[in-house]
Amino acid sequence: MTKIAVVPGSFDPITFGHLDIISRGASVFDEIHVVVLNNSTKKSLFTLEERMALISQVTSTLPNVKVDTFSGLLVEYAKSVNAHAIIRGLRAVSDFEYEMQITSMNRVLDKSIETFFIMTNNQYSFLSSSIVKEVAKYGGDISELVPKQVEDALKLKFDKS
Ligand code: ADP
């Protein structure tokens, strides 16, 4: 049986922290679906298409990683692609409460889908898309935080505004 896992998130934009979780997941599972959730309550800097294109570019060296989007319940998406696992990253204790809530809810919705947590690499424990956007907005160096394609895309966004 092919072991398929879903890595959901906003990825606005993808950072080295996300990439670390995705590539570590890809070394354990046969297939990874990175899913950009179309969550209308969150205002994003990048469009859905832009976020997906950036993820595709920076994961192009990982042959078992696919990029997709979905609006609705994550467990429904997981079922539709035959995935029985959800992978989430954990950075700090502050992530824990929210993740526990979501994981418990997902288990109520579908107990055949298991959630796995991957601890962040120490060097990325402070890293989030929001921090990257804040630094990029004021022209700070983000080359250690995001891949080059993302750095260029952020520059373009903020040069325009
Ligand atoms: P969400 O809005 O669902 O939290 P994000 O794009 O912020 O979406 O994050 C997607 C996933 O990536 C989450 O599981 C999050 O914990 C994880 N993640 C984000 N940044 C890092 C990081 N620096 N290290 C490890 N995991 C991370």
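Modeller: By class, the shell around the ligand holds 5 nonpolar, 6 polar and 3 charged residues. Please bear in mind that this is a predicted model.

Colleague: How many residues surround the ligand?

Modeller: The closest residues are Ser10, Lys42, Gly89, Thr120 and Tyr124. The number of residues surrounding the ligand is 14.

Colleague: Which element gives the largest share of the shell around the ligand?

Modeller: The space taken by the ligand is the largest pocket. Two or more residues of the shell come from each of strand S1 (4-9), helix H1 (16-26) and strand S4 (85-90). The largest share, 3 residues, is that of H1.

Colleague: How much of the area exposed by the ligand alone does the protein bury?

Modeller: An oxygen atom of the ligand is 2.9 Å from a polar backbone atom of phenylalanine 11, and a nitrogen atom of the ligand is 2.9 Å from an N or O atom in the side chain of threonine 120. For leucine 127, a backbone N or O atom lies 2.9 Å from a ligand nitrogen. Taken alone the ligand exposes 550 Å², and the share of this that the protein buries is 89%.

Colleague: What is the phi value of phenylalanine 11?

Modeller: Phenylalanine 11 belongs to the loop between S1 and H1. Most residues other than glycine have a negative phi. Phenylalanine 11 has a positive value, near 50 degrees.

Colleague: Is the peptide bond from aspartate 12 to proline 13 cis or trans?

Modeller: Proline 13 also has its place in the loop between S1 and H1. Most peptide bonds are trans. From aspartate 12 to proline 13, omega is near 0 degrees and the bond is cis.

Colleague: Which side chain is joined to that of lysine 133 by a polar contact of 2.9 Å?

Modeller: Lysine 133 is part of helix H5 (residues 129-137). Beyond four places in sequence, lysine 133 touches Asp12, Pro13, Leu45, Leu154 and Phe158. The side chain joined to lysine 133 by the 2.9 Å polar contact is that of aspartate 12.

Colleague: How far apart in space are phenylalanine 158 and glycine 139, C-alpha to C-alpha?

Modeller: Phenylalanine 158 lies in helix H6 (residues 148-160). Setting aside neighbours within four places in sequence, phenylalanine 158 is in contact with Leu45, Lys133, Ala136 and Lys137. Phenylalanine 158 and glycine 139 are 19 residues apart in sequence, and their C-alpha separation is 8.7 Å.

Key: Residues are numbered from 1 along each chain as its sequence is written. This is a predicted model: local features need pLDDT of at least 70, side-chain atom pairs count only at pLDDT 80 or more; totals for chains, interfaces and linings use all residues. Side-chain values use heavy atoms; hydrogens and water are left out. A residue is near a molecule or strand if one of its heavy atoms lies within 4 Å of it. A polar contact is a pair of N or O atoms within 3.5 Å; within protein, one must be able to donate a hydrogen and the other to accept it, and residues adjacent in sequence count only if both atoms are side-chain atoms. Accessible areas come from the Shrake-Rupley method with a 1.4 Å probe; for residues, only the protein chains shown count as cover. On a 1 Å grid over the protein atoms alone, a cavity is a set of points where a 1.4 Å probe fits but cannot get out, and a pocket is an open set with protein on both sides within 12 Å along at least five of seven lines; lining residues have an atom within 4 Å of a point. A molecule sits in a cavity or pocket if more than half of its atoms lie within 2 Å of its grid points. Helices (H or I, at least four residues) and strands (E, at least two) are DSSP runs, numbered from the N terminus. Ala, Val, Leu, Ile, Met, Phe, Trp, Tyr, Cys and Pro count as nonpolar, Asp, Glu, Lys and Arg as charged, and the others, Gly among them, as polar. Contact means heavy atoms within 4.5 Å.
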